[in-house]
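Please open the model in a viewer and keep the selection tool at hand.

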Amino acid sequence: RLADISAKGLTFARQRASEASVKIQTLETDLEEDPFPAGPWDVILSVCYLRRSLYAVFPTVLAPGGTLAVVQPTMTNLTRHPKPPADYLLNDGELPSLVRGLEVVYYEEGWLADDRHDAVLVAKVPI
């Protein structure tokens, strides 16, 4: 299953999955309005979306051995770019502290893709 707010993005995902002969189910949802879709989820990918309260939900909806992957800009990003604004940025070094109940298997923070100062994390549900 694939969940996202963007109908256009979900259409693109269905097309790409079809081209790759992969079956997926999609769900259009707004995580600002709707509850997090019930799991279990094998993978949760969060890219440039910050809602700190979801980090308490992730361990409860990931399948055993499930993976959380996050890419999120940090406050240091503001030293080079005016956007995104501070409300949408992690504090430097904050991301690992948000993933309680998960085992962090990879963490990096720095000037990475697209000249953004990102925190990148991969964590798994302990088996």
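Begin by selecting L102, which touches P59, L62, L68, A123, K124, V125 and P126, not counting residues up to four places away in sequence; contact here means heavy atoms within 4.5 Å. This is a predicted model, in which local features need pLDDT of at least 70 and side-chain atom pairs count only at pLDDT 80 or more, while totals for chains, interfaces and linings use all residues. Residues are numbered from 1 along each chain as its sequence is written, and side-chain values use heavy atoms, with hydrogens and water left out.

Helices (H or I, at least four residues) and strands (E, at least two) are DSSP runs, numbered from the N terminus.

**The loop between β4 and α3**

Next select L90, which is found in the loop between β4 and α3. Is L90 buried or exposed? Its relative accessibility is 0%, so L90 counts as buried; buried means under 20% relative accessible area, exposed over 50%, and partly exposed in between (1.4 Å probe, protein chains only). Beyond residues up to four places away in sequence, L90 touches L50, R52, Q72, P73, T74, M75, L95, L98 and A119.

From there, move to T74, which lies in the loop between β4 and α3 and is buried, with a relative accessible area of 0%. The side chain of T74 makes a polar contact with the side chain of H117 (2.5 Å). A polar contact is a pair of N or O atoms within 3.5 Å; within protein, one must be able to donate a hydrogen and the other to accept it, and residues adjacent in sequence count only if both atoms are side-chain atoms.

**Salt bridges**

The structure holds 5 salt bridges, each being a side-chain nitrogen of Lys or Arg within 4 Å of a carboxyl oxygen of Asp or Glu. Select R52 and E94, whose closest N and O atoms are 2.7 Å apart in a salt bridge. Because R52 lies in the loop between β3 and α2 and E94 in the loop between β4 and α3, the pair ties together parts that are 42 residues apart in sequence. R52 is partly exposed at 34% relative accessibility, whereas E94 is buried at 12%.

Then select R80 and D115, a salt bridge with its closest N and O atoms 2.5 Å apart. This pair links distant parts of the chain, with R80 in the loop between β4 and α3 and D115 in the loop between β5 and β6, 35 residues apart. R80 is partly exposed at 46% relative accessibility, and D115 is partly exposed at 36%.

Finally, select R116, in the loop between β5 (103-111) and β6 (117-124). Which side chain meets that of R116 in a salt bridge at 3.8 Å, N to O? The partner is D114, which is exposed, with a relative accessible area of 65%. Salt bridges that share partners join D114, R116 and D118 into one network. The side chain of R116 also makes a polar contact with the side chain of D118 (3.0 Å).
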